[in-house]
Amino acid sequence: MIVDPVEAFKATSSVAPLPTVVPSLPEYQTVTETGTRTLWAVFVLMLLSMIVFVGLSWTTPISKRLYHIITTLIVTFASLSYFAMATGHGISYHRTTVTDSHRHVPDTTHDVYRQVYWARYVDWSLTTPLLLLDLALLAGLSGGHILLAIVADVIMILTGLFAAFGSEGTPQKWGWYAIACIAYLVVIWMLAVHGRANAMAKGGKVGKFFAS
């Protein structure tokens, strides 16, 4: 009787088949359809606001037009930013490698790609200094305090952008975050302390506005 060695091995072997590890596909964390519609809605709102402020600036005497122009620039930059994000531009992906643990096979990894709207940071680096300038001029801050507030604000925005693209769980990412928090405190100090003191000295509506 001739015995097939392959069949004999199948019949007598007690070794279980090795489990198969299926590589995980990359995961993409992107904006939903609702998020995209929201971006379009905010773009339209900012565009309408820009038109309104342009009209108000046009009808205001030149000597009193500074605040109107600053506010018009703010909503103009914001509308451009939201148009870029709503149309899918001004977006990049931050890659993070995640480890998946398994009981009977070696651990595997997969990549997570998360959308980062860098256009938003560009918007903030332009609009928030103008917002601070609006408030600082209203409160009557000195030129030095205004400059410090604006520079600290730009540092806060840029370091926040660096932190958004930093590697997860690294000292560098937390370092950028800490610097951004310190810069934020400087901005608050300029407005809440010096700005409030100047506004209260002015009294009237300006003092009541900063007191609230």
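## Aromatic pairs

Rings of Phe, Tyr and Trp (its six-membered ring) pair if their centres lie within 6.5 Å, and planes under 30 degrees apart count as stacked, over 60 as edge-to-face and the rest as tilted. By that rule, this model has six aromatic pairs. The model is a predicted one, where local features need pLDDT of at least 70 and side-chain atom pairs count only at pLDDT 80 or more, while totals for chains, interfaces and linings use all residues. Residues are numbered from 1 along each chain as its sequence is written, and side-chain values use heavy atoms, with hydrogens and water left out.

## The cluster around Trp 40

Trp 40, Phe 43 and Phe 83 make up one aromatic cluster. Within it, the ring centres of Trp 40 and Phe 83 are 5.9 Å apart and the planes stand at 80°, so this pair is edge-to-face. Because Trp 40 sits in helix α2 and Phe 83 in helix α3, the pair ties together parts that are 43 residues apart in sequence. Helices here are DSSP runs (H or I, at least four residues), numbered from the N terminus.

The scale runs from buried (under 20% relative accessible area) to exposed (over 50%), with partly exposed in between (1.4 Å probe, protein chains only).

## Helix α2

Helix α2 covers residues 33-58, 26 residues in total, and reaches 38 Å from its first C-alpha to its last, close to the 38 Å expected at 1.5 Å a residue. That expected span is 1.5 Å times one less than the number of residues. Its buried residues are Thr 36, Leu 39, Phe 43, Met 50 and Ser 57, and α3 (66-86) is included in what covers them.

## A second pair, in α6

Trp 174 and Tyr 177 have ring centres 5.7 Å apart and planes at 90°, so they too are edge-to-face. They are three residues apart in helix α6, about one helical turn. Trp 174 is exposed, with a relative accessible area of 56%, whereas Tyr 177 is partly exposed at 46%.

Key: Helix = DSSP H or I, 4+ residues; strand = E, 2+ residues; numbered from the N terminus. Contact = heavy atoms within 4.5 Å.
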